[in-house]
Amino acid sequence: MFNKLYSKIRNFMIDNWSFLLGVIIILIIFLIKIPYQVEMPGGIIDLNNRVTVNGEETDTKGTFNMAYVSVVQGSIPYSLLSFIIPDWDLVKSDEVKAENETIEDSNKRDKLYLEQSKNYAIVAALETAGIPYEIKDKVNYVVAVSLESKSDFEVGDNILEVNGKELYDLNELTNIINDTEVGETLTFKVLRDKKEKEVHATVYEEKDRKYVGVTVLTLFDIECDTHVEITSKTSESGSSGGMMMALMTYNAITKQDLTKGKKIVGTGTISLDGTVGPIGGVKYKLMGAVKNKADVFLVPNGENYEEAIKVKEEKNYNIEIVPVSTLKDAITYLEGL
């Protein structure tokens, strides 16, 4: 029986070798990864069911939406198509990650930036609405390790201690580094992959300042009578939705309807004091907003706004593009709709 089966398979392969070879070649072409990624027009994410206040969603006539860029990791077919399709761009992977890290490190960092952005959005909204709150339980994560760093830190490390002292505030870490002689080594305790690990970093000097060569961000809990929760999907990352999350949160906690029945799409980072910061991929986000029939596109003032206006004019888009420098700017504009 085995011999008959083997014979059938062998004969099939002999009779169809050219077809099978073609399939193998196609699979190899699609599976081979190259150090590029393709960026293209994205879509929008409706925030109305992502933000809850005291466990309740906010009912609005219109919608608040985050704009995003669609990204496909490099493969030969997608890379070739980027030279044919006008709105697809081929970007080197090194432009979105450091030379000494992997794509996984970059993805891990973007996930942490998303969580920080949620924290900042809630605080900015509470501040703008004048609602008291308290920041508690700070947690510090490494999001980048420089090429100059003489350490064994990894992206995603949760720093617990420095030289045996618990670390709560990043100012404490800065002070410890400044008080340490250049060339001396600091000992850190970190949580990595749910296991405690000892990490060492040598202090070095550059332009009269001392470093250990890591970038750290802080996540925290927010204690407030008004409990706000922002949810996201595992596929989402990055900080560029901060301004829109803050705007949706402000709308929810003040029980307003700033949408006025319109589809509001926007992008921009947010800081604790409500400052809106620049982002990348503006043209793709604007294209996604137009594709999804947005009425208004909120964009960081400055170069992002100028780029958006240029794309609007080139493609003759019928959409209102509004520059914002602060969360309050966005609120003021929407109040006047």
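Author: The second largest pocket has a volume of about 290 Å³, where a pocket is an open set of points on a 1 Å grid over the protein atoms alone, at which a 1.4 Å probe fits and which has protein on both sides within 12 Å along at least five of seven lines. The volume is the space filled by probe spheres set on those points, which are joined across faces, edges and corners. The model is predicted, so local features need a pLDDT of at least 70 and side-chain atom pairs count only at 80 or more, while totals for chains, interfaces and linings use all residues. Residues are numbered from 1 along each chain as its sequence is written, and side-chain values use heavy atoms, with hydrogens and water left out.

A residue belongs to the lining if it has an atom within 4 Å of a point, and among the residues that line the second largest pocket are Leu170, Leu173, Ile177, Arg209, Tyr211 and Val216. The lining divides into seven nonpolar, three polar and two charged residues; here Ala, Val, Leu, Ile, Met, Phe, Trp, Tyr, Cys and Pro count as nonpolar, Asp, Glu, Lys and Arg as charged, and the others, Gly among them, as polar. Three elements, α5 (170–178), β15 (209–211) and β16, each supply at least two residues of this lining, and α5 gives the most, with five. Such helices (H or I, at least four residues) and strands (E, at least two) are DSSP runs, numbered from the N terminus.

Rings of Phe, Tyr and Trp (its six-membered ring) pair if their centres lie within 6.5 Å, and planes under 30 degrees apart count as stacked, over 60 as edge-to-face and the rest as tilted. By this rule there are three aromatic pairs. In one of these, the rings of Tyr120 and Phe220 have centres 6.4 Å apart and planes at 25°, so the pair is stacked. It links distant parts of the chain, since Tyr120 is in helix α4 (residues 103–129) and Phe220 is in strand β16 (residues 214–223), 100 residues apart. Phe220 counts as buried because its relative accessible area is 8%.

The largest pocket holds about 1300 Å³ of space, and of the 43 residues that line it, the closest to its centre are Val69, Val71, Asp110, Ser237 and Gly238. Elements giving two or more residues to that lining include β5 (63–67), β6 (70–75) and α4, and α4 gives the most, with eight residues. The lining divides into 16 nonpolar, 19 polar and eight charged residues.

The strand β5 also contains Asn65, which counts as buried because its relative accessibility is 2%. Leaving aside neighbours within four places in sequence, Asn65 is in contact (heavy atoms within 4.5 Å) with residues including Ile44, Met244, Lys263 and Val265.

To place these parts in the whole, the protein chain has nine helices and 22 strands, and buried residues make up 42% of its 337 residues. Among contacts between residues at least 6 apart in sequence, 73% join residues at least 24 apart.

Definitions and conventions. Buried < 20%, exposed > 50% of the residue type's maximum accessible area, 1.4 Å probe, protein only.
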